[in-house]
Amino acid sequence: MRVAFWAPLFCMVVTCVTGALIPEAEVKIEVLQKPFICQRKTKWGDMMLVHYEGYLEKDGSMFHSTHKHNNGQPMWFTLGIKEAIKGWDKGLKDMCVGEKRQLTIPPSLAYGKEGKGKIPPESTLIFNIDLLEIRSGPRSHESFQQMDLNDDWKLSKDEISNLTAVTPTSDGTSSCDLPERTQPSTLFILCWPIF
């Protein structure tokens, strides 16, 4: 009797504590066209020039197209900095110029419960995306990603204090001790003399 009572209770507590009830949503990626030669793949912080069409999965209706709604002009965006929906950040990494992908993005990685404009709440979206050009993004994006140790897109006091420790030297000046993850380009932001 005791085992019959405690075993299910124990399982519920362990499941709740480990967060095993809800798996993370995934983007379905289908490569429609891939170039024969790929000299560079997209990575976090890269700027991407794309043409795209967006459709609602439930009825196939188009809600946006750079070909039709953007004066026929492609759009620039930066990968991995939440400039677009989360599904784009997940689905467009490691893409080559000339590649075409179809992304099927669940609501939790798109516009969720709120929806946006022509997109109703809880909509699964389908995007056909053509990558036209890749450029290195601004160094500030890389610097921020190096500082944001827990990837929550916020800098806590701990992250800032862990990033650099200014220590006095024997000659009365100060030096800056930087962790391995920090690039020299962030020095001008983080290290300054203490008078």
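Let's start at the link between Cys-38 and Cys-96, which is left-handed, with -95° about the S-S bond. The two residues sit in distant parts of the chain, 58 residues apart: Cys-38 lies in the loop between β1 (28-33) and β2, and Cys-96 in the loop between α3 (86-91) and β5 (100-105). Helices here are DSSP runs of H or I with at least four residues, strands are runs of E with at least two, and both are numbered from the N terminus.

A word on what you're looking at: this is a predicted model, where local features need pLDDT of at least 70, side-chain atom pairs count only at pLDDT 80 or more, and totals for chains, interfaces and linings use all residues. Residues are numbered from 1 along each chain as its sequence is written, and side-chain values use heavy atoms, leaving out hydrogens and water.

Back to the cysteines. Their sulfur atoms are 1.9 Å apart, and a disulfide is called when such a pair lies within 2.5 Å. The structure holds one disulfide. Cys-96 is buried, at 0% relative accessible area, while Cys-38 is partly exposed at 30%. (Buried is under 20%, exposed is over 50%, partly exposed is in between, with a 1.4 Å probe and protein chains only.)

Now move to Tyr-52, in strand β2 (residues 47-56). Tyr-52 counts as buried because its relative accessibility is 9%. Beyond its neighbours within four places in sequence, its contacts include Met-75, Trp-88 and Phe-127; contact means heavy atoms within 4.5 Å. Ile-129 is 77 residues from Tyr-52 in sequence, yet their C-alpha atoms are 4.4 Å apart.
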